[in-house]
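Here are my notes for anyone opening this one up for the first time. Take a look at the model, then read through the points in order.

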Amino acid sequence: MMKAKNLTIERTENPKPKPAEKDLIFGHNTTDHMLTIEWHKDIGWKEPRIGPIRDLQISPVAKVFHYSLETFEGMKAYKGTDGRIRLFRPQLNMERMNKSAQSLGLPGFSGDQFLECLKELLKTDMDWVPESKNASLYIRPTMIGTDPTLGVKTSKSALLYIILCPVGAYFTTGVLNPIALWADTEFIRAWPGGLGWAKVGGNYGPTVAPLNRAEKHGCQQVLWLYGKEHSVTEIGTMNIFMYWINENGEKELRTPPLNGLILPGITRLSLLDIARQWDGIKVVEEDFTMKDVVQASKEDRLLEIFGAGTACVVSPVDKILYKDHEILLPTASEGQSIAERLYRQIIDIQYGIIDSDWSIPV
Ligand SMILES: *Cc1c(COP(=O)(O)O)cnc(C)c1O
């Protein structure tokens with residue numbers, strides 16, 4: 001059993017200079033420390049350690065390098081105007097990571113104990129959590145199979161670690177900058193019986209070439225489709241929401257259901273919970289196809305499409321390229337969009353401006 005009380009902390013003697021907030025590029029900077037916990041089949045989880053961030057020493061034979069025995073999480077710590085650091089629904093990340101690990105035969109762990117270790121890491125690198133309401137500290141828990149043997153089999157050893165990256169404002173101008181999508185009709189991100197629902201490294205490598213294709217067409221992200229009907233599943237590494245006037249003339253916020261093809265995003269869940277409290281909007285978890293999108297667009301019933309994920313909270317879409325269609329979305333110049341209302345509400349919870357039991361002080 002993993003035990004947070006056995007945690008040891010070795011502080012760095014060479015703290016790095018902290019980059020200015022405006023120079024922060026997502027994933028380009030790390031803090032001074034990392035957490036590591038080793039596991040071996042015969043002895044279980046070893047004592048957790050916080051130490052100076054360093055390169056890992058792993059056998060080139062290790063299973064992670066050959067069979068993608070890797071799972072990760074993405075979460076953030078936010079410093080509120082009261083100076084307190086908070087996490088957002090972190091227990092959900094712990095549960096999701098355990099499920100992802102299980103799907104690869106990697107070991108399970110106590111979410112509570114791991115969360116305690118994470119909090120200690122955040123206290124150790126407290127000064128790295130940006131002060132601004134636009135910036136935050138991105139948290140990347142990772143587990144890899146380190147067993148130094150070839151052969152597609154269960155890894156007898158694993159390493160669980162956490163690195164931290166200060167990240168700047170996703171939307172630098174304060175307004176939500178829209179993105180264009182390339183609806184990919186060739187590559188399939190996830191399928192029934194597959195691991196589309198899990199945050200495992202093996203799902204993401206194969207999306208790089210399709211993303212390059214999207215960029216060639218002037219788009220920032222791929223719109224992932226599935227099946228003959230071209231059901232809409234996700235945007236890049238974000239869940240998708242469509243706000244439209246449905247066939248019955250109702251204003252509806254729709255996202256595909258968790259049918260195994262969809263990554264169960266914590267932002268997705270939270271946006272659904274928030275929108276369900278609002279009057280005048282129907283909120284449904286139901287599939288929709290590109291035919292629905294094209295038709296609604298033609299009939300002026302397509303109001304908004306946006307991505308949802310930890311990195312940006314929401315990411316509005318202003319254009320979709322799909323076969324020979326160019327679908328343009330009205331950007332909400334008239335009044336506040338649903339995407340923006342959701343964004344404001346969730347940010348206020350994350351930074352402790354609205355009190356909520358979703359926000360966990362460190
Ligand atoms: C991480 C991820 C999301 C968003 O999940 P959050 O918990 O909201 O950050 C959505 N789709 C994919 C494919 C992802 O990897």
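1. Which residue lies over the face of Trp 278? That would be Arg 341, at 3.8 Å from the ring centre. Before going on, keep in mind that this is a predicted model.

2. Next, have a look at two helices. Two packed helices are described by the angle between their axes and the distance between the axes. For helix H5 (residues 266-275) and helix H7 (residues 338-350), the angle is about 105 degrees and the axes are 11 Å apart. Angles of 65 to 115 degrees count as roughly perpendicular, so that is what H5 is to H7. On the H5 side, the contact is made by Ser 270, Leu 271, Ile 274 and Ala 275; on the H7 side, it is made by Leu 342, Gln 345 and Ile 346. Sorted by class, the contact has 5 nonpolar residues, 2 polar ones and no charged ones.

3. Staying with H5, this helix is mostly covered, with 8 of its 10 residues buried. The buried ones are Ile 266, Thr 267, Arg 268, Ser 270, Leu 271, Leu 272, Ile 274 and Ala 275. Note that Ser 270, Leu 271, Ile 274 and Ala 275 also turn up in the contact with H7.

4. Now for the aromatics: a search of the whole structure finds 9 aromatic pairs. One of them is Phe 72 with Tyr 204, whose ring centres are 5.2 Å apart and whose planes are at 65 degrees, so this pair is edge-to-face. Phe 72 sits in strand S5 (residues 70-72), while Tyr 204 is in the loop between strand S10 (179-184) and helix H4 (208-216), so the pair ties together parts that are 132 residues apart in sequence. Phe 72 counts as buried, at 10% relative accessibility, and Tyr 204 counts as buried too, at 16%.

5. Tyr 78 and Tyr 351 make another aromatic pair, also edge-to-face, with 5.2 Å from centre to centre and 70 degrees between the planes. This pair links distant parts of the chain, 273 residues apart. Tyr 78 belongs to strand S6 (residues 75-79), and Tyr 351 to the loop between H7 and strand S19 (359-361). Both are buried: Tyr 78 has a relative accessible area of 4%, and Tyr 351 comes in at 3%.

6. Trp 39, Trp 45, Phe 109 and Phe 114 are linked into it by ring pairs. Trp 39 is also one of the residues in contact with Ser 155, which brings us to the next point.

7. Is Ser 155 buried or exposed? It is buried, with a relative accessible area of 1%. You'll find Ser 155 in the loop between strand S8 (136-145) and strand S9 (157-167). Leaving aside neighbours within four places in sequence, Ser 155 is in contact with Trp 39, Lys 63, Leu 69, Leu 106, Gly 145, Thr 146 and Asp 147.

8. Gly 309 counts as buried at 11% relative accessibility. Setting aside neighbours within four places in sequence, Gly 309 is in contact with Met 238 and Thr 267. Thr 267 is among the buried residues of H5.

9. The other S16 residue is Glu 304, which counts as buried at 12% relative accessibility. Glu 304 and Phe 241 are 63 residues apart in sequence, and their C-alpha atoms are 8.1 Å apart in space. Again leaving out neighbours within four places in sequence, the contacts of Glu 304 include Phe 241, Met 242, Tyr 243 and Leu 329. Ser 337, Ile 338 and Ala 339 are also among them.

10. Finally, some backbone angles. Most residues other than glycine have a negative phi. Arg 89 has a positive phi, near 45 degrees, and Lys 323 has a positive one near 50 degrees. Arg 89 is in the loop between strand S7 (85-88) and helix H2 (90-103) and is buried, with a relative accessible area of 15%. Lys 323 is in the loop between strand S17 (313-322) and strand S18 (325-328) and counts as exposed at 59% relative accessibility.

Definitions and conventions
Residues numbered from 1 in each chain as written. Predicted model: local features only at pLDDT ≥ 70, side-chain atom pairs only at ≥ 80, totals over all residues. Heavy atoms only, no water. Axes fitted to C-alpha atoms, helices over the stretch in contact; angles between N-to-C directions. Helix = DSSP H or I, 4+ residues; strand = E, 2+ residues; numbered from the N terminus. Parallel < 35°, antiparallel > 145°, perpendicular 65-115°, else oblique. Contact = heavy atoms within 4.5 Å. Nonpolar A, V, L, I, M, F, W, Y, C, P; charged D, E, K, R; others polar. Phe/Tyr/Trp six-rings, centres within 6.5 Å; stacked < 30°, edge-to-face > 60°. Buried < 20%, exposed > 50% of the residue type's maximum accessible area, 1.4 Å probe, protein only. Lys NZ or Arg CZ within 6 Å of the ring centre and 35° of its normal.
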